[in-house]
Each structure stands twice: as structure tokens, then as C-alpha cells.
Amino acid sequence: MSISEDERSYLIESVLIRKRLTEIRVRMDRVANAWTVDNYEDLLGFYIDILPRVMRTERCTIYIIEMGTDKICSMLGTGLDKKQIQPPRKGSIAGEVISTGVPIIRNNLDKQHGFHTEVDAQTGFITRNTVCVPIKSLAGYGVTGAIQILNKKGRKKAFKDDQKDILEKESEWDSFSQQDLEMLEQVAHFLSMSIESIILNQEIIRISSQLNFEVERFDKEYFRDTPFIAESSAMKDVLEMVKLVCNTPVNVLLQGENGTGKELIARLIHKGSERRDKSLVAVNCAAIPENLMESEFFGYEKGAFTGADQRKKGRFEEANGGTLLLDEVADMPAIIQPKFLRAIQEGEGCRLGGNKVIKYDLRIICATNKDLRTEIKKGRFREDLFFRLFSVEIQIPPLRERKEDIIPLAMSFLEELSKKFNKKLAGFSPEVLNLFEAFHWPGNIRQLRREVERLIALTPSGEMIFIDKCSPELQKSCEAQIQCREPSTLSIPEQVKILETSLIGKALKEAGGNLAQTSRLLGITRQGLYKKLKRYQIKNHSK
């Protein structure tokens, strides 16, 4: 089939855009990996290690404000061993310094009756005295964090013992002075460079991951620009469930046939949730080779295996703070399911080739066209993972069960694709619309969109779309409908037999010979189906 000059231009432009996006993503990945967050953390670790020695203190802690939030977190600290503490804005020294931008010296804290700091409550550590100064952004974004030193040690003094030997004794604790504060402020100035670099690096990695996601999604445009249409009561019920689960932090399972719009529903849930500003990372579990599944989800360190020339984040990390969409989750290999279960259960995991535990904070939405309970019975899916993956199940009806949506969807596709091809048509003929409503659409919305795209491409500009331009599959359906309207006999029992035999045959084929599913499609009991198979002597050739 030939394409117009406009269509050719659109395709060329799409390829060029994709190429530019890929080039930008690759460059950003190189920048992000050239000087990683770990490098900066090593530099901060140097401060944490050296400052207590230089300033004769027991501890040192560096705090930053998490980007996009008002939360204060410890980045690194003496004796914390990667444990993160979160001092509040009110009621903590670090919180007060960050909120006001004014440094603080506090001595003799342990002698104040009943006094204890919020950090002490989290760490079990006793703060006797402290100096805390703000870390101010060099780029003019105000206070980005704070550095705090605790418990200044006493100086060594010479004295003579009974044998008149000169010995040195260290007094237990000393007080902080203004000179200590000024020295720590100088350190904070240099620290601000590292803090700004860490924040910038994290943002580069986030943008790079998002850009990578957009490049991967570039060719999958079926539902991206499609307005959500719900004229049918079946889809209105689905929308009501979506509204209920949007702001409830539960994992969701979307079940439905291919092409019903499961991914669009997942995006609606994500956009309606509190995680809307973070990424929705979509992964097709059926498209990932089994031997790459672990590295895809958990990432890997440089040198973890042959070809791993740089560190790579896994999908769990990419979705951190946002939503992870597991499409075709029923096809997840059994070998990865135990590790997957632990990652969901504990909210953490490690990259391949590394032992650093990475925390995950994400919402999981699963989608499948298979019955997971059947997969469990067949031993292909773990039951414990099934119960961990979701709390709410939403069934997306096939297009044939939401006929009120067919014409609005077709009109929407016509408008969207006509703009895409810069082509004006007179619309659908009544016969085409009737055929659309009568057709069973085994490929659901995806098939309807493809059909409309075909009709727009084959119909000359300014003309109406007629049945002769429809695909062979729809034209055969039209012929079958005409034959049904012209019965060879007026006998009602004979016509009932013809109709029931035809419907049973179609349902058997669609259900792949599964009698339980066939009976559900026909809306009758399994016993009723057995009786009709026997009465009409229908053989199940679909098994």
C-alpha cells in the first residue's frame, strides 16, 4: 500500500525526533555516570571522618533537604552506618538552623533537666554540646542543608603524680566557642559545592531515566493521545473504581484482553495519585529475556558481568517515588519471582555485582490478559507473590461488551488521525458505523484504531468512508450478517439452532476450547453448554 507525501514526511520526522531523543539520552547517561553520587558521598565521607579529629569532637552529621519536599534527612554521619535520621523542622537543632539560616552553639545540654534532642531519641546518643551551621546554596536557592558537630572533647593537661613523673590527663568534655562556629561555617561553604553537585547529579539521573522511558515509549502511541471514553455502564463502573483507588496507596491488578486499554487505566491511576509528579515506569514482563530479567529490574554495578562497562539502575530504582507498571505480569519467569517477592515485601534490593541495599518506595500496578489464579494452579505463578502484588483487582471489559463506546471511540480516532495525516474526510457512512457496532473486535480498542487509520489512509480527501474500504475481516463479518438476515427457512427452532451453533462455535474459538471460559462468554452455565454441545453435536476442535 502506497503512502502519501504527508504521511511520508510524518514518518521521516518521527524517525529524526527519535534519533535526537536517543542522542540526548546517551549524552545525559554519560554525564550522570562520569561523576556519580557515590563519588560525592566519598567526598562527604572525608569531611565526616576528618572533622571530628580536627575539631576534637565526638561526632559529625551532614543533613540535606530532600529535593521537592520539606523533609530533612541525614546524608552521612559518624556512627550512623547508613542509618538515616530525620530531624523535624520544629523541635530539633538541625531543623531550626535549616529553617532560619542562623547558626547555633549550645553548651551544657546534658545538664539541662529533662532535655534530650530529637536526634538523640532516634540514635540513642547523648548530646552534651553542639555547633550546627547552615549549608547555603551557591546558586541562590537558600539553605540546602546543615552540618552539625557534637560533644567537644577536653584538652590534655600536664601534671605530676606522687613520683613526680610528668603525665598528661585529658579532661572529659570542653565547650564550643565562637571560633569553632566560624571554622565550621568555612567548612559549610566548601560543602555547599558538593551538596549542589549531588542534587544536580541526582536530577540529571532522574531526567535521563525519564528521557530513556520516553524514548522507549515513542513508538507506542495507541493510547497516549486518546481521550478516555466511557459512555457504557461497564466503563463507568471501571472509572468509579479508578477514582476510589487513585489516592489510596494500594497496589492494583488490571485484568482484561489485549488492547482493552489497561495501560491507559494505569496512567489514569498514576496521574490521579499523590505520585503524579514522579515517573510511571512501564515494563513488559513478556518482552524481557529470562537471563536479563534480574539485571533489568534490579540494575547492575560496573563489572558485574561481561559487557557491564558502567553502572545501570534497575526498574525498581527508576520508579522510586512513583509507579511501576508490570505489563503481562503473568509471563514473569518463575526463576525471578522469589527475588521479586522479597523486593516487594522488604521494599529493598541490591544491584547485580553489588551489596549496597537500595530502598524502594513505589506503587505497583500489574496488568495481564491471563487468569492469575489459573496460572497459580498450573504452578507457573507463585501464590505468595500473587497476594503481595495487589490489593484491588479491576476487570477491564472487552470492546464487544461496551458497544456504547464503539462509535464515540471511532469518531475520536477519526478526528485525531485526520489531524495526524492532515486529511479532511466527510466522515463515516451509516453502514460503516452499523458494522462497527455489530463487529466483535477481537483486538479491542487497538484493532478499532488500526481500522480507522486504514480507512483514513485509503479514502480520498473530502469523501465519505464506505464499507468497501474496510479490512477483509470486517467485510466478511458484513457478509455473514447479510446471510443471517436472509434465512433459508422460516422455522423458528431451526433459526435458533443456526444462531446458537454459530455463537457457540465463535465462543469456543475465542476461548481456545476452554469450556469454562466459553460458558462465561455465552452467559450460560457450564452444564447448559454441555447440553447444547450434545444436542447440536458440536465438537470442540479448538482444544
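Across which strands does helix H7 lie? Helix H7, residues 262-271, lies across S8, S9, S12, S15 and S16, and its direction runs at about 155 degrees to S8. Before I go further, please keep in mind that this is a predicted model, in which local features need pLDDT of at least 70 and side-chain atom pairs count only at pLDDT 80 or more, while totals for chains, interfaces and linings use all residues. Residues are numbered from 1 along each chain as its sequence is written, and side-chain values use heavy atoms, with hydrogens and water left out.

Helices (H or I, at least four residues) and strands (E, at least two) are DSSP runs numbered from the N terminus. The axes I quote are lines fitted to C-alpha atoms, for helices over the stretch in contact, and the angles run from 0 to 180 degrees between N-to-C directions.

Let me begin with the sheet. Five strands form an open sheet in the order S9-S12-S15-S8-S16, with parallel pairing, where two strands pair if DSSP finds at least two bridges between them. Strand S9 (280-284) and strand S16 (392-395) stand at the edges, each with a single partner strand, so one side of each is left without a neighbour in the sheet. From one strand to the next the twist averages 20 degrees. Helix H6, residues 233-246, also packs on this sheet, where it touches strand S8 (252-255), strand S15 (363-368) and S16, and its direction makes about 155 degrees with that of S16. As for the pairing at S9, this strand and strand S12, residues 323-327, pair in the parallel sense over five bridges, and Leu280 has Thr323 of S12 as its bridge partner.

Ile396 lies in the loop between S16 and H13. With a relative accessibility of 1%, Ile396 counts as buried, on a scale where buried means under 20% relative accessible area, exposed over 50% and partly exposed in between, using a 1.4 Å probe and protein chains only. If we leave aside neighbours within four places in sequence, Ile396 is in contact with Val238, Gln255, Gly256, Thr260, Lys262 and Ile265, contact meaning heavy atoms within 4.5 Å. The C-alpha atoms of Ile396 and Ile265 are separated by 8.8 Å, although these residues are 131 apart along the chain.

Now to the helix pairs. Helix H13 (residues 406-420) and helix H15 (residues 444-458) pack at an angle of about 50 degrees, with their axes 9 Å apart. H13 and H15 are therefore oblique to each other, given that angles under 35 degrees count as roughly parallel, over 145 as roughly antiparallel, 65 to 115 as roughly perpendicular and the rest as oblique. The contact is made on the H13 side by Ile406, Leu409, Ala410, Phe413, Leu414, Glu416, Leu417, Ser418 and Lys420, and on the H15 side by Ile445, Leu448, Arg449, Val452, Glu453 and Ile456. By class, there are ten nonpolar, one polar and four charged residues in the contact of H13 with H15, where Ala, Val, Leu, Ile, Met, Phe, Trp, Tyr, Cys and Pro count as nonpolar, Asp, Glu, Lys and Arg as charged, and the others, Gly among them, as polar.

In the second pair, helix H17 (residues 492-510) and helix H19 (residues 526-535) pack at an angle of about 120 degrees, with their axes 11 Å apart. Glu500, Ile504 and Leu508 of H17 make the contact with Leu529, Lys532, Leu533 and Arg535 of H19, a set with four nonpolar, no polar and three charged residues. Helix H17 also holds Leu503, which counts as partly exposed at 41% relative accessibility.

Finally, some backbone details. Most residues other than glycine have a negative phi. Arg56, in the loop between helix H2 (37-54) and S1, has a positive phi of about 50 degrees although it is not a glycine, and Arg56 is partly exposed, with a relative accessible area of 22%. Asn151, in strand S5, residues 143-152, has a positive phi near 60 degrees, and Asn151 is buried, at a relative accessible area of 0%. Thr57, in strand S1, residues 57-65, is buried with a relative accessible area of 2%, and its contacts beyond four places in sequence include Asn151 and Phe176.
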